[in-house]
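Trainee: I have a chain open and would like to talk it through with you. Could we start with the overall picture and then go into details?

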Amino acid sequence: MDTIKLSNFQALVNHMDDFEKNYDIDTKLSFNPTGAKIIGEEKGLFIWRFYKEDVEDFINIYSEVANANIDKYLANFVQMRLEEKARDMKFRGICPVECMLYSTKVINKQLENRLIFDAIVNVATKYISVYEDEGIEVMSHIIKKWHWIPQLKLAIQICGQIRNVNLLRDIYYNFSRNDELKVYTFKALMNSGKIELFDYILMMIKGLNKENEKDKQIANYFKDKIEDVYLPDVEEQLIEFYKLPGISSFASKLVSKFIKDINKDINMSGKNRKYFKILADKSSPNAKLSKKERDEHFEELVNYLNNPQYRKDVLWALRYSHRSEAGDYIIMTLKHNKCLNGEIKEAIMSLGFLKRPDAKDIIYGYINNDDFKIYVWAYCCLIGETQYAKHLIKEFLENKITSSQEVASVIKQFYKSVPAIETELNEQLIEILRGHDESKKIRAIENTLLVLDSLNITSAVNIALDIMGYNEQKTKAVYSEELQKVIMNLIQRLCSKKIPGKIEKFLFYVMESPSFSQTIRSRAMMILKSAEEGEVNPIKG
């Protein structure tokens, strides 16, 4: 029999009678069935071989629910039959998951029933786990190659249950902005319980709109799950996220419910921190007031240090007094009080802004504590020891001990005072982009996006374009589509105000090059189409 290329499910059904009994169904006859090896053909649907009878058996099982009233008894019966069929395929050395999920196309409507949906997910999850690395490879292939929404919903939930970080990261980049799949994506990330994925969860809630039904579903799921799955481990991340600019009011209100003593730990509902800042400004030597008035305002401000309810905000505000003696009060507070982590962080930063190198001894006492390390480095930069910018940027790009959100928040506080920060970011980002570790490239670019509105990374952008094959030789991009997507995120953010000439040419290059996938080419087209007289709509979130 000649090789038949199967590009969709109907083509498979149409050819079913053409196969002899036990004839292998595969997209490449040369495929080696001993392991999950991705076929070389870009549009290949499957990476495992299976038989005509396997398809027929699954269709027969799903026919049980095609025209039935689905209840828990029927769902349990279907799950039992799926188990039997999957066990049979495993016994024959075949991973059943692709065939099982693909065959659900005959019951797309019935997949809206939660009972039957979960029954299929439960069986598929079990066998993905059984096949371990090969099972992960199967799911990776499905989420990158398939485009059928009902089947992708199944795949996303399966990935949420097996809790594989790399798969869930792929799902975030592929589907978090897809209106039909973003709720499933969010639930999978939440259900994973993986701390390293929590930044992606925060990015998905950053721009939530209370008028959008899907966004309300995401918010409700966050409320239902956050305490059981992530708290208290992520409370510091929630605090830093809450303080970031650009968060929707809906997201801000949502997050504030899960930060203990929010009125004390954040901004005293915004009112008191503003009040302390006014006191600090009025106590500054630059204030157009009499010395007596300035001293009175300063005395009032430092007196609030004795009240634990206000201490954190006062430690923050003292940097704006521009008075050297403010540092004395901060040092005494650190020495003689049992300060909370948030108070210590504000104190360290204020001592840096106040240019108090004589505080080194007490500040260096925090250097070996991972909670304060980045703040000590920032302090050192602010007092002129800019060699510590290297450590801070390295942690920002790699986030080995601190969340990227928190490091970004620190950098944004003082980068204008320390030009070495921008220089170091460009140099280290270039070094990573020229290296061979693709995961480091992805993480570094993702983290850079957090400060892109503040820092200029023009020097590094040229290397990113080179990775995409945009150079004198116009070489083919050799890196994964995941890395290409992250670079396109970077390009889109760079075009938030206008498209620079070189990037415009790059976008046309990507759009017209057959070496890129349709997803990447469409992304380039979308960025270009968003331009109106040189303007591109900013990305939200």
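This is a predicted model: local features need pLDDT of at least 70, side-chain atom pairs count only at pLDDT 80 or more; totals for chains, interfaces and linings use all residues.

Trainee: Now the core: which residues have the most contacts inside the largest one?

Mentor: The largest nonpolar core has 177 residues, and those with the most contacts inside it are Met139, Phe222, Leu238, Ile411, Phe414, Ile421 and Phe506. Helix α21, residues 373-382, gives the most to this core, contributing nine residues.

Trainee: What does Phe414 touch?

Mentor: Leaving aside residues up to four places away in sequence, Phe414 touches Met349, Phe353, Ala378, Cys381, Leu382, Leu392 and Ile421.

Trainee: Switching topic, at what angle do α6 and α7 pack?

Mentor: Helix α6 (residues 132-145) and helix α7 (residues 149-162) pack at about 145°, their axes being 10 Å apart, and α6 passes α7 in a left-handed crossing. Ile136, Met139, Ile142 and Ile143 in α6 meet Leu152, Ala155, Ile158, Cys159 and Ile162 in α7, and the residues of this contact divide into nine nonpolar, no polar and no charged.

Trainee: Next, Asn447: why does it count as buried?

Mentor: Asn447 counts as buried because its relative accessible area is 5%, and the cut-off for buried is under 20%. Asn447 lies in helix α25, residues 438-448, and touches Phe396, Leu397, Glu398, Asn399 and Ser404, again not counting residues up to four places away in sequence. The C-alpha atoms of Asn447 and Leu397 are separated by 6.0 Å, although these residues are 50 apart along the chain.

Trainee: Last one, about backbone angles: what is the phi of His322?

Mentor: His322 has a positive phi of about 55° although it is not a glycine, and it sits in the loop between α17 and α18. Most residues other than glycine have a negative phi. Lys355 also has a positive value, with phi near 55°.

Trainee: Where is Lys355?

Mentor: Lys355 is in the loop between α19 (341-353) and α20 (360-364), and at 47% relative accessibility it counts as partly exposed.

Conventions
Residues are numbered from 1 along each chain as its sequence is written. Side-chain values use heavy atoms; hydrogens and water are left out. A nonpolar core is a set of buried Ala, Val, Leu, Ile, Met, Phe, Trp, Tyr and Cys residues joined through side-chain atoms within 4.5 Å. Buried means under 20% relative accessible area, exposed over 50%, partly exposed in between (1.4 Å probe, protein chains only). Helices (H or I, at least four residues) and strands (E, at least two) are DSSP runs, numbered from the N terminus. Contact means heavy atoms within 4.5 Å. Axes are lines fitted to C-alpha atoms, for helices over the stretch in contact, and angles run from 0 to 180 degrees between N-to-C directions. A crossing is left-handed if the near helix is turned anticlockwise from the far one by less than a right angle, and right-handed if clockwise. Ala, Val, Leu, Ile, Met, Phe, Trp, Tyr, Cys and Pro count as nonpolar, Asp, Glu, Lys and Arg as charged, and the others, Gly among them, as polar.
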